[in-house]
Amino acid sequence: MRGTKSSTVLQVAYIVALLLRNFGEASGDRATISAREIVEIVSEATRAQHVSRASLVKQCQCSLHACSNDMNQDGHQCTLELGDNEMCLCSEGMKLNLNRSYVRTPPGVDPNDLPPHITQSVCLYQGLDSVFRDIGAEKGFQTWTYFGSMAGIMRIWPGKPRRRGLTDGSFDPQLGNCRTYEPRLRPWFIAAVTSGGPKDVVILLDVSETMGSPAGQSTRLSIAKLLVENILEFMTIADHISILPFGRKTNALVADYLLKATPSLRANLVAAMNNLEARGRSNVSDAFSEAFKILLKSVDLEKTANCQTVIILVSDGHNCENPIDGVCGDGLSEVAKIRGEIENGQKSLDKANTERASIFTFSIGQDSHNALERRIACDNGGTWSEVTGTDDILHKLQLYISFLASRRKGDSIVWSSFYEDDSGLGRMTTATQSIFSFDRSAGLRGQLVGVVGHDVLVSQLGDSGFSYLSVLGTVTGRLGTCTVQNMTTCEMQVLRGMEDQCPEILSKSCHKLEATAHTYYSSANKRLSQGDAVEECKSLGGYLIELDSEEELSFASGLADDGGSWIGLESDLGGVWKWQASGKEIGLGKFWAPGYQDRDGFCASIDSRGTMKTGQRRLCDVRLPYICEFDSMGKAGKVCRADEVNKIGPDDDAEVPSLLKCLRENGLEEEVEKQAILENHVGGVEDRAVCGLGPPRKTEELLCCKDCPNRPEGSSESSSPSSSVVLLSLLVLNMAITFFFLT
């Protein structure tokens with residue numbers, strides 16, 4: 001990467017941060033050392049729970065919800081360990097459950113009707129209760145210890161009831177107007193997953209007329225704006241950002257170069273974005289061209305993070321670069337062209353001596369066209385996701401957030417910036433650690449499962465202030481330090497998952513698939529109508545390919561052209577699809593691509609967007625490449641010489657290995673079976689994952705140790721270091737940030 005004035009400033013800031021951190025550590029800060037130990041213990045237990053997930057779901061017992069009204073369980077006791085509560089004037093402290101953790105569910109989710117991924121998250125980590133109890137017995141407790149999952153579940157100990165019966169602020173009617181909580185947007189969670197280093201992000205937001213189409217109770221554009229707003233939550237003040245709407249015009253919001261992602265800039269971007277309307281026609285090619293111009297101009301102006309580079313495409317897949325009869329297409333005909341243009345843009349970043357962009361794509365709307373979006377993500381080290389009006393947006397960001405978390409070298413403890421405790425204890429910081437789906441001993445990290453945290457109050461960092469400065473120095477240093485590592489192809493395949501993994505693109509014409517023992521020929525430059533392709537394959541001694549399994553579909557998709565290749569599937573007038581060679585009806589449940597029904601025609605093609613759901617309905621007279629299948633190597637002799645046939649099997653040396661091969665090479669092949677077992681069992685436990693909430697009760701009944709009046713307004717107290725320590729810390733913080741962000 002190119003050295004810049006910015007990088008020099010970052011080095012100076014980091015040196016200052018190290019001095020602060022080492023100064024604090026030299027004082028023997030027991031609070032932070034204890035926090036690290038607790039997080040390591042809980043993290044190890046959480047990983048073990050995830051590894052055993054297939055059996056744990058079957059044993060699921062209901063967890064107490066923090067908004068439950070039925071708190072008459074063993075383990076509740078009145079304690080002053082965490083002080084008094086602002087709602088009570090009770091000398092005995094407040095009621096906490098020291099035997100069990102409480103769960104908090106994502107806002108808007110009915111605890112009596114949990115989606116499968118949330119049910120899994122509730123059930124899998126119940127075993128942490130015994131770990132929490134052991135920590136309490138050995139170390140006592142002075143704050144909260146918890147696990148927040150990517151599914152939006154928070155499991156927190158000691159268990160404390162949430163405020164309920166609210167009439168203003170953020171509350172959930174499905175939980176008795178209980179105060180909402182979103183762990184994935186809290187400072188501790190964001191600190192853990194963004195700790196790899198600062199990033200430059202350009203967001204391409206489709207605002208063309210098709211984005212105004214309904215999507216459930218909203219529009220595609222409204223969903224896209226909400227998605228972008230959530231992406232901005234995972235930006236830090238060390239990052240740089242630009243949002244580039246494209247539709248009637250392609251103009252960046254605020255500036256045509258990257259800007260520091262300060263809270264005020266992010267707020268301005270959201271306000272400007274919310275004023276955008278769906279107009280004009282989309283041109284993805286122009287949008288990417290402008291994105292690379294923004295990145296290159298920012299490099300010249302030295303306005304970059306000089307660490308990670310990301311482009312995010314948010315679109316419904318209707319590309320209007322070359323409309324047919326005035327109608328926008330699904331991008332199939334432009335895939336190869338746009339892929340080439342993006343590669344040219346990446347090469348321009350190479351020449352500028354800066355990191356290539358990892359490109360993430362999001363298709364907005366159910367069954368939206370995604371051929372271009374999926375192919376772009378596969379080419380450029382990113383992932384693809386579909387987002388609909390009923391989806392949990394943050395859950396749909398899991399792959400992107402997993403990528404950010406996975407790029408960080410090592411798995412040491414990460415300290416959050418200082419913030420106010422949501423439960424009212426006061427100002428605090430959190431020791432955090434990201435948890436991934438695979439065991440530490442595996443060669444792959446896997447997807448991000450969640451974050452373990454243990455809070456430390458400012459008042460616990462010591463009157464000397466050295467511990468405070470230690471954490472402060474660590475946080476300041478983390479913001480400006482680039483500790484990213486390159487993601488391997490297998491690591492990216494694991495993030496994408498089984499259904500959305502990228503295919504192995506096979507450049508040769510002739511291949512033998514070990515699973516079928518058949519030989520296949522893919523025409524490269526020769527294009528025929530479907531009828532002519534049928535006759536061509538017959539004349540060569542074979543037939544237009546017939547797909548009998550998902551494995552064969554995955555293989556054939558790697559042979560297919562970006563714009564589609566003919567296969568031997570056709571429909572009769574009644575809409576029944578049959579294979580031409582055998583006369584059998586199609587039996588693949590994951591064959592058709594989203595939006596295939598929008599096309600006309602009685603013939604079918606497949607393309608290279610992925611390993612599943614790549615089938616398209618086509619007009620039979622369209623000229624496309626084609627794939628011939630031969631029952632034996634000998635029958636393929638007219639077109640394939642034996643020494644030119646590429647053999648495809650589980651041990652082949654693929655440039656883009658399948659997910660199964662990646663797992664097998666790292667001793668993780670049982671992970672697929674575990675997940676299948678898990679999904680089968682979840683259906684039987686969703687009605688008992690969370691205990692019933694019970695009849696309504698007041699917060700004071702559940703939290704206060706005796707009947708007592710509400711605390712008068714403004715009488716709550718909070719603890720903090722001495723004023724001299726705060727002044728010294730603020731002075732140091734100001735100095736570090738001034739150095740850090742000087743440009």
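## Close-up views of a predicted model

In strand S16, Ser358 is the bridge partner of Val310. The structure is a predicted model, in which local features need pLDDT of at least 70 and side-chain atom pairs count only at pLDDT 80 or more, while totals for chains, interfaces and linings use all residues. Residues are numbered from 1 along each chain as its sequence is written, and side-chain values use heavy atoms, with hydrogens and water left out.

View 1. Helices (H or I, at least four residues) and strands (E, at least two) are DSSP runs, numbered from the N terminus. Two strands pair if DSSP finds at least two bridges between them. Strand S13 (residues 308–315) runs parallel to strand S16 (residues 358–364), to which six bridges join it. Strand S8 (residues 199–206) is also parallel to S13, and here the bridges number seven. Within this pairing, Asp200 has Thr309 of S13 as its bridge partner.

**View 2. The side chains of strand S13 are shown.** In a regular strand the side chains alternate between the two faces of the sheet. Gln308, Val310, Ile312 and Val314 point one way from S13, whereas Thr309, Ile311, Leu313 and Ser315 point the other way. Eight of the eight residues of S13 are buried (under 20% relative accessible area, with exposed over 50% and partly exposed in between; 1.4 Å probe, protein chains only). Strand S13 is therefore largely enclosed by the rest of the structure.

**View 3. Ile203 belongs to the largest nonpolar core.** A nonpolar core is a set of buried Ala, Val, Leu, Ile, Met, Phe, Trp, Tyr and Cys residues joined through side-chain atoms within 4.5 Å. The largest one has 97 residues, of which Ile203, Ile241, Ile312, Val314, Phe362 and Tyr400 touch the most other members. Helix H7 (residues 220–232) gives the most to this core, with seven residues. Leaving aside neighbours within four places in sequence, Ile203 is in contact (heavy atoms within 4.5 Å) with residues including Val228, Ile231, Ile312 and Val314.

**View 4. Four strands form an open antiparallel sheet.** The strand order is S26-S25-S27-S28. Strands S26 (577–579) and S28 (615–618) stand at the edges with a single partner strand each, so one side of each is left without a neighbour in the sheet. Strand S25 (residues 565–571) pairs with S26 over three bridges, and Leu569 stands opposite Trp579 in S26.
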